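Have a look at it first.

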Amino acid sequence: MDQFTPMLPVLTDEELSPRAQAVFDDIRATRNTDFVNNFWRVLANDPANLERTWAELKELMGPGTSLDPLVKELIYVAVSTVNGCTYCVRSHTAAARAKGASDEQIAELHAIVGAASKTNRMAVGLQVPVDEAFQ
């Protein structure tokens, strides 16, 4: 697996500002775990961005929305794959597995992502007009 040198430090708990510490406390309470991953630890260098990003993802990925939690994780994996974000693919595949995704479902997801990427490029390249029925 590729390892990158982060653009900003991966902050330890001892290096957090009080504002970032409050977000980490909420992450731990919301997820019922002591683990805070490196994405949040790097983002903690900018506490305002950390707060905004956590609030948005907490709302979208948490309970109380119309999509099933596993479906949300699979969507996240698909978009992360298309965007080439290895970190997010790994993180959200682990989350999908924790929510019950099987190897078969993960493989099928990637087959669909591959097929959609191919047909998307074909439709764009061929400039296929949108059917009136889809308007």
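Okay, start with D13: this residue forms a salt bridge with R28, and the closest N and O atoms are 2.8 Å apart. By salt bridge I mean a side-chain nitrogen of Lys or Arg within 4 Å of a carboxyl oxygen of Asp or Glu. D13 sits in the segment before α1 and R28 in helix α1, so the pair ties together parts that are 15 residues apart in sequence. Helices here are DSSP runs (H or I, at least four residues), numbered from the N terminus.

Before I go on, two quick notes. This is a predicted model, where local features need pLDDT of at least 70 and side-chain atom pairs count only at pLDDT 80 or more, while totals for chains, interfaces and linings use all residues. Residues are numbered from 1 along each chain as its sequence is written, and side-chain values use heavy atoms, leaving out hydrogens and water.

Back to D13. Its side chain also meets R41 in a salt bridge, at 3.0 Å from N to O. R41 lies in helix α2 and D13 in the segment before α1, so this pair ties together parts 28 residues apart in sequence. Shared partners join D13, R28 and R41 into one network.

The cut-offs are: buried under 20% relative accessible area, exposed over 50%, partly exposed in between (1.4 Å probe, protein chains only). D13 is partly exposed, at 28%.

Another salt bridge joins D26 and K58, with the closest N and O atoms 2.9 Å apart. D26 is in helix α1 and K58 in helix α3, 32 residues apart. The count comes to six salt bridges.

Now the inside. The largest nonpolar core has 13 residues, and those with the most contacts inside it include F24, I27 and W40. A nonpolar core is a set of buried Ala, Val, Leu, Ile, Met, Phe, Trp, Tyr and Cys residues joined through side-chain atoms within 4.5 Å. Which helix gives the most to this core? That's α1, with four residues. I27 touches V36, W40 and W54, leaving aside residues up to four places away in sequence; contact means heavy atoms within 4.5 Å. There's also a second, separate core of nine residues, with L70 and I106 among them.

That's my tour, thanks!

Technical notes
Helices (H or I, at least four residues) and strands (E, at least two) are DSSP runs, numbered from the N terminus.
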